[in-house]
Amino acid sequence: MVGSIEAKTLLTNGSVQLQHNGLNLEEKLDDFRRLLGKSDKDPLKIVSIGAGAWGSVFAALLQETYGGFRDKFQIRIWRRAGRAVSRDTAEHLFEVINSREDVLRRLIRRCAYLKYVEARLGDRTLYADEILKDGFCLNMVDTPLCPLKVVTNLQEAVWDADIVVNGLPSTETRQVFEEISMYWKERITVPVIISLSKGIETALEPVPHIITPTKMIHQATGVPIENVLYLGGPNIAAEIYNKEYANARICGAEKWRKPLAKFLRQPYFIVWDNSDLVTHEVMGGLKNVYAIGAGMVAALTNESATSKSVYFAHCTSEMIFITHLLAEEPEKLAGPLLADTYVTLLKGRNAWYGQMLAKGEINRDMGDSISGKGMIQGVSAVGAFYQLLSQSSLSILHPEEKKPVAPVESCPILKTLYKILITREQSTQAILQALRDETLNDPRDRIEIAQSHAFYRPSLLDQP
C-alpha cells in the first residue's frame, strides 16, 4: 500500500495514539485479541523462538508497534544461553554503539554501557542473550534493535504463549518443537504458530516428498495445520527494521492468515495473505540453493555482470523447471519466487556464503553455521532437493535421448552445487565450468520442456 501514512494524535489525557492509514493501533490490537478470545486483563502473549536476524527483527517490529500497550500486549524472544561473543565482535559492537548517539544514550540510561567498555578492553565476556536484551542480535550487530525481553528457559517462554513465531533454521525446527510439545501436554487452548523458516527436509517413504518447517511443527506438536502459517517475502531483515519499504506474504488457513496480515501490516511493511502454504514455503528454500551459486560466480568472475546474468538465466530456468514438478499452477509463483531470488542474490547470507567460499575466506569444514551470519540454510537445501530429484520413481522423458531420466539430470547447476557443497568432490571453480559447458542447452529449452509436459507431482508436497 504505497503512500501509507503513520500519524500521531495527541489525546486529551496527554498520551499519543498511533494511526496507520487512519486505523488506530489499539483498535488493531483489540480486534486481534478478540479473535483469540482474550479477556480485558489478559494480555496477548507472543514469543519468538530463535534469535537469528529475521526472528529478532520480527520480534523488535512487534515490540515497537504494540509494546506501548503493556496491559494488552507482551512479546519475548527465546534463545539458548551460553553463546559467548568473540573479542572481535565485542570490539566491533563497541564501535557501532559509539557511532550511534541514540544507542549510546539508551545504554547509559539503562546503566548498560560499562559492560561494553569492559568487553572492548578484554576484561569481560559478553553473551548473545545478554546483548540481545539491549537490542543487539549477534548475527547483525551493525543494526541495533530496540531492547527485548529475552528468555533462555524454553518452557517459560512457550507454556502460555498465544502466538509462537518460529525463527529457527529448518535444521533445528523439529528438535526444538518436539521439546516444546512436552510443555504443551496440559494445555487447553491451541496456539497460533507463524514460521519464518526457509528450508526443507526430504523423505523417501512411502513415496519421495518434501517436509517443510510448518509440517515439521505440525508433526512435532500435534497443533492443527490450520493453526500453522508461513511468513515470507523478498526482504532483508536489517533493511526492514530500518523501515525500507518491503512486502511479505502470510500463507495458510483463511481463519488466521487474513487477521494476521492486518495485524502485522505496517506503513513500510505490507503483508498480503495467500492460501498456498506449502508451495510458498518450498520456494523460500529453493531460492537459497541458487543464491549460493550466484555468490560463487560473482567472486570468481570479479563481479562480471555478464557472467552473473548467464548464471541467472540458467538458475531461474532450473527453478521454473522444479516449480512445474511441485505446483499445479507454477505461473502464479513466478513473481514471488523471482523477487525473493533477486533480493537474496543481491544481499542475502547465502550469496555471501558462496562468495566467501570462492574467495577462500571461509571453508566447507567450518560447517553451515557461520559466526556473525547464523545458519546458511541453502547448504542443507542443496542436499534435500538433490536427493528428492534424483529418485528414479520421478523420472521424466529426456527430450533428446528419449529415455527416462531423474529430474535432477535436467538441473546441471543443482548437480554441480551438490558436488561442491555436499560430496565436496569439486571446487567452487566447477560452477563456472558448468556454465561454460558447450553441451549445456539453452535455458529456454528447459522451460519449454517443463511447460509442454505433464510434470506436476502432487505427492512431492505430500498432497493427494
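**Notebook: rings and cores**

I started with the aromatic rings of this predicted model, and the count came to 8 aromatic pairs.

I looked up Trp54 and Phe58 next, and found an edge-to-face pair, with 5.8 Å centre to centre and 80 degrees between the planes. Both residues belong to helix 2 (residues 53–66), where they lie 4 residues apart, about one turn of the helix. Are they buried or exposed? Trp54 has 13% relative accessibility, so I noted it as buried. Phe58 is buried too, with a relative accessible area of 3%.

Then I turned to Tyr386 and Tyr418, a stacked pair at 3.6 Å centre to centre, with 10 degrees between the planes. This pair links distant parts of the chain, as Tyr386 is in helix 16 and Tyr418 in helix 17, 32 residues apart.

I also wrote down one aromatic cluster, made of Phe32, Tyr66, Phe73 and Phe263.

Two charges over rings went into the notebook as well. The charged end of Arg187 sits over the ring of Trp184, 5.3 Å from its centre. For Lys373, the charged end sits over the ring of Trp352, at 5.0 Å from the ring centre.

My last stop was the largest nonpolar core, which has 60 residues; Tyr290, Tyr311, Tyr353, Phe385, Leu414 and Ile431 touch the most other members. Which helix gives this core its largest share? I found that helix 12 does, with 11 residues. A second, separate core has 47 residues, including Phe32, Met140, Ile194 and Phe269.

Notes. Residues numbered from 1 in each chain as written. Predicted model: local features only at pLDDT ≥ 70, side-chain atom pairs only at ≥ 80, totals over all residues. Heavy atoms only, no water. Core = buried A, V, L, I, M, F, W, Y, C linked by side-chain atoms within 4.5 Å. Buried < 20%, exposed > 50% of the residue type's maximum accessible area, 1.4 Å probe, protein only. Helix = DSSP H or I, 4+ residues; strand = E, 2+ residues; numbered from the N terminus. Phe/Tyr/Trp six-rings, centres within 6.5 Å; stacked < 30°, edge-to-face > 60°. Lys NZ or Arg CZ within 6 Å of the ring centre and 35° of its normal.
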